[in-house]
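Here is a short briefing on one protein model. Keep the structure open while you read.

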Amino acid sequence: MIPLVFKKGLTLSVLAFALVAAMPADARTPQGEARYALRDQSSRQVRGVAENGLRSMVFSMAQGLPADGRLPADFPIAVGSYAELRQVTLGIGFEVNTIDPAALLYARRDADLSRVTRGTGIWNFVVLSKGHPVALLEVGRQDGRWQVLGAGATRLARDVQAAAQGHARDGAFRFVRVYQATADLMEVRGPDNRAQYVPLAKTVDTLPLKSSGRVLSSSAELLPSLQGAVRANLAKSSR
């Protein structure tokens, strides 16, 4: 996630804009796969902070500039022009959850990872351009107040939205980041109400898993890989 400080000297305290209408749960992709409705999980307060920040950012960055003006190459929101930037909207918001390394390392083979998952108080919002994810906006408490902490991660934004539409029944999911394993997961509930996990793109890059966005894994299937990654990364950091 890239801190929100730009070349023009503008430090963004928050980003976001209106909620995009959710797609009906019975809608279908061209391939015939189910697409579930997306549901915002944030509070009115946190979302309001994001919305106000996005309006301020768009106004400040585009003021007095031509609509076809190009954005810097390192701009954290993946749009090409100020005209496109003016049209970005705020999609779903979700909390970043995590699993502490000790809980993972001492977990038994039959452990339910959802029971040792906890919230971090950090919220991410999918930023959209014409309905397509172009960034994640990160919001958290700093100096006693809610504010934007950074923006970026276009690939992850796209993966989160695709995984939620493909697997999150009733729009319900938990985003789980296992920091010590460099792994991102989406926790969803199957028909039997047991936790299942969609390994997201970052996880596929770092763990020996088959695919992202489509393959559901149980706690038992994920645990050995997560434990191995945590042990290896903790060993590296202690050298």
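Ser129 is found in strand β4. The model is predicted.

- Ser129 has a relative accessible area of 4%. Buried means under 20%, so Ser129 is buried.
- Ser129 touches Val79, Glu84, Val88 and Val134, leaving aside residues up to four places away in sequence.

**The sheet**

- Which strand order does the open sheet have? The order is β6-β5-β4-β3-β7-β8-β9. The sheet has seven strands, and the pairing is mixed.
- β6 and β9 (195-199) are the edge strands. Each of them pairs on one side only.
- On average, neighbouring strands of this sheet are turned by 35° against each other, direction ignored.
- β4 pairs with β5 in the antiparallel sense. Seven bridges join the two strands.
- Val126 has a bridge partner in β5, namely Leu136.

**Helices across the sheet**

- α4 lies across β3, β4, β5, β6, β7, β8 and β9. The helix runs at about 100° to β5.
- α6 (residues 219-237) lies across β7, β8 and β9. This helix runs at about 160° to β8.

**Nonpolar cores**

- How many residues does the largest nonpolar core have? The count is 26.
- The residues with the most contacts inside this core are Met57, Ile77, Leu85, Val88, Phe125, Leu137 and Val139.
- Two helices, α1 (44-62) and α2 (82-86), each give two or more residues to this core.

**Aromatic rings**

- A pair of rings is described by the distance of the centres and the angle of the planes.
- Phe94 and Phe173 form a tilted pair. Their centres are 5.7 Å apart, with 55° between the planes.
- This pair links distant parts of the chain, 79 residues apart. Phe94 is in strand β3 (residues 89-99), and Phe173 is in the loop between α4 (154-167) and β7 (174-178).
- Buried or exposed? Phe94 and Phe173 are both buried.
- Why is the pair of Phe94 and Phe175 tilted? The planes stand at 50°. Planes under 30 degrees apart count as stacked and over 60 as edge-to-face, with the rest tilted, so this pair is tilted. The ring centres are 5.3 Å apart.
- Phe94 in strand β3 and Phe175 in strand β7 are 81 residues apart, so this pair too links distant parts of the chain.
- Phe175 is buried, as is Phe94.
- Phe94, Phe173 and Phe175 form one aromatic cluster.

**Salt bridges**

- The structure holds eight salt bridges. Among them are the following three.
- Arg47 forms a salt bridge with Glu51. The closest N and O atoms are 3.5 Å apart.
- Arg47 and Glu51 both lie in helix α1. They are four residues apart, about one turn of the helix.
- Arg47 has a relative accessible area of 9%, so this arginine is buried.
- A network of salt bridges links Asp40, Arg47 and Glu51.
- Glu187 forms a salt bridge with Arg174, with the closest N and O atoms 3.0 Å apart.
- That pair links distant parts of the chain, 13 residues apart. Glu187 is in strand β8 (residues 183-189), and Arg174 is in strand β7.
- Glu187 counts as buried because its relative accessibility is 5%. Arg174 is at 24%, so Arg174 counts as partly exposed.
- The side chains of Arg115 and Asp112 meet in a salt bridge at 3.7 Å, N to O.
- Arg115 is exposed, with a relative accessible area of 74%. Asp112 counts as partly exposed, at 29% relative accessibility.

How values were computed: Residues numbered from 1 in each chain as written. Predicted model: local features only at pLDDT ≥ 70, side-chain atom pairs only at ≥ 80, totals over all residues. Heavy atoms only, no water. Core = buried A, V, L, I, M, F, W, Y, C linked by side-chain atoms within 4.5 Å. Buried < 20%, exposed > 50% of the residue type's maximum accessible area, 1.4 Å probe, protein only. Phe/Tyr/Trp six-rings, centres within 6.5 Å; stacked < 30°, edge-to-face > 60°. Salt bridge = Lys/Arg side-chain N within 4 Å of Asp/Glu carboxyl O. Pairing = 2+ DSSP bridges. Axes fitted to C-alpha atoms, helices over the stretch in contact; angles between N-to-C directions. Contact = heavy atoms within 4.5 Å.
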